[in-house]
Amino acid sequence: MAESTSIVTVSQRGAARLRAGHPWVYRSDLVPPGETPASALVHVRDERGRKLGSALSSSASQIAIRLLTSGEIGEHALPELLRDRIAAAIEFRKQRVRDADSYRVLFSESDLLPGLIVDRYNDVLSIQVLTQAFDRADLRQVVLDSLAQHFPAAGIVERVDPRIRTLEQLPERTSQILFGERATTVCTLNGVRLHFDALAGQKTGAFLDQRENYAAAARYAHGQALDCFTYQGGFALHLARVCENVTGVDSSRPALETAEQNEQLNRQQHRCGEIEWMEANAFDLLKDYAAAGREYDAVVLDPPAFAKTKRAVPTALSGYKELNLRALKMLRPGGILVTCSCSFHVGESEFLEMLGSAAADAGRTLRILEKRGAAVDHPVLLNVPETAYLKCVICQVLL
Ligand code: SAH
């Protein structure tokens with residue numbers, strides 16, 4: 001049967017974006033603006049008919065097409081291309097990931113597989129489909145077969161984000177085990193053990209992107225530590241190996257219950273300072289503690305994304321500033337601040353500017369020890385700024 005591949009024409013702006021190395025074309029940059037086929041492989045051309053490559057299209061998303069390759073390929077070539085990209089992503093992790101049995105195996109655009117995320121938590125793989133195309137039965141099968149081939153002993157769980165399925169106009173689906181019997185396991189990052197339940201928790205991969213930052217924070221922290229927004233204790237448990245005592249704060253009780261179980265897992269294994277888990281609003285707690293004159297030798301701030309849109313950036317920056325200002329007031333001279341932002345819309349320079357202004361207002365002099373991003377299994381594509389969402393700045397209070 002002859003294959004027919006639709007052709008999608010993009011505007012000058014859309015073409016420029018693709019040529020600049022960004023794989024997305026928005027619906028408003030189609031010519032004429034409007035419809036694209038659902039879940040299809042399409043050929044992309046500029047208005048003069050010049051070839052721009054092959055892309056996966058969505059009939060619903062504002063991101064109408066996501067470029068897969070600058071060559072023109074047909075549907076028959078798609079399975080092999082996916083298998084090759086999956087193999088390359090897995091090989092990259094094999095070479096680069098150290099001290100962990102858990103890491104992001106495939107990261108969407110970062111691995112040239114736009115719309116697909118797979119995380120490995122020890123012997124459980126968690127798969128997340130973000131686009132119509134990767135929800136196609138044939139492509140799902142290619143992905144699952146590849147994963148089973150590379151990780152023969154692992155179970156596979158699908159994590160569904162209902163919001164994304166609504167946006168992509170995909171039929172409802174529930175999170176479930178696709179292969180194997182268990183959705184729970186224990187993973188080990190830098191020697192620290194953490195319970196994982198692929199069918200619970202706030203999002204898949206909540207802590208994987210911070211894996212190397214946990215280890216970095218533990219290289220500097222000492223004395224008394226405060227981990228705000230601790231979730232299931234990622235930073236706190238790493239700090240407990242080097243600090244006298246650690247307070248882990250989060251507003252979510254279920255997260256803290258898992259944090260406490262994680263503490264038990266680790267207490268038997270290696271040195272562990274005192275840990276106190278506190279259910280509290282970190283903003284209120286920092287305000288009260290700063291007012292009460294409490295002091296720490298290390299503070300970690302890893303709040304949820306404050307800026308989900310560009311418009312939210314000013315409010316987000318004032319939220320970050322408030323947190324950082326209060327934390328800085330409580331740090332003893334020589335103390336360490338580990339401050340993070342996972343808001344893509346707040347860039348590194350804006351984040352550093354915010355931190356500088358918080359330091360000035362707090363009357364503290366800060367030395368930057370490290371400017372970090374996400375762990376190596378969350379690769380950054382130079383011309384795709386969305387892939388560089390995580391900032392983690394480690395600094396020391398001199399005065
Ligand atoms: N540091 C964690 C990830 C933090 S995710 C890790 O390494 O795994 C953000 C966390 O902030 C979530 O656990 C959420 O429950 C918590 N949170 C959100 N708003 C909060 C608030 N106002 N006060 C305290 N915790 C909050």
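Colleague: What makes Tyr320 count as buried or exposed?

Modeller: This is a predicted model, in which local features need pLDDT of at least 70, side-chain atom pairs count only at pLDDT 80 or more, and totals for chains, interfaces and linings use all residues. Residues are numbered from 1 along each chain as its sequence is written, and side-chain values use heavy atoms, with hydrogens and water left out. Buried means under 20% relative accessible area, exposed over 50%, and partly exposed in between (1.4 Å probe, protein chains only). Tyr320 has 0% relative accessibility, so Tyr320 is buried.

Colleague: How many aromatic pairs are there?

Modeller: Rings of Phe, Tyr and Trp (its six-membered ring) pair if their centres lie within 6.5 Å; planes under 30 degrees apart are stacked, over 60 edge-to-face, and the rest tilted. That rule gives eight aromatic pairs. One of them joins Trp24 and Tyr26, at 6.4 Å centre to centre and 85° between the planes, which is edge-to-face.

Colleague: How do you know whether Trp24 is buried or exposed?

Modeller: Its relative accessible area is 12%, so Trp24 is buried. Tyr26, at 28%, is partly exposed.

Colleague: Why is the pair of Tyr320 and Phe351 called edge-to-face?

Modeller: Because the planes stand at 90°, with the ring centres 5.6 Å apart. Tyr320 belongs to helix 9 (residues 313-330) and Phe351 to helix 10 (residues 348-362), so the pair ties together parts 31 residues apart in sequence. Helices here are DSSP runs (H or I, at least four residues), numbered from the N terminus. Phe351 is also buried, at 0% relative accessibility.

Colleague: Which ring does the charged end of Arg294 sit over?

Modeller: The ring of Tyr289, 3.9 Å from its centre. The rule asks for NZ of Lys or CZ of Arg within 6 Å of the ring centre and within 35 degrees of the ring normal. Arg104 likewise lies over the face of Phe107, at 4.7 Å from the ring centre.

Key. Helix = DSSP H or I, 4+ residues; strand = E, 2+ residues; numbered from the N terminus.
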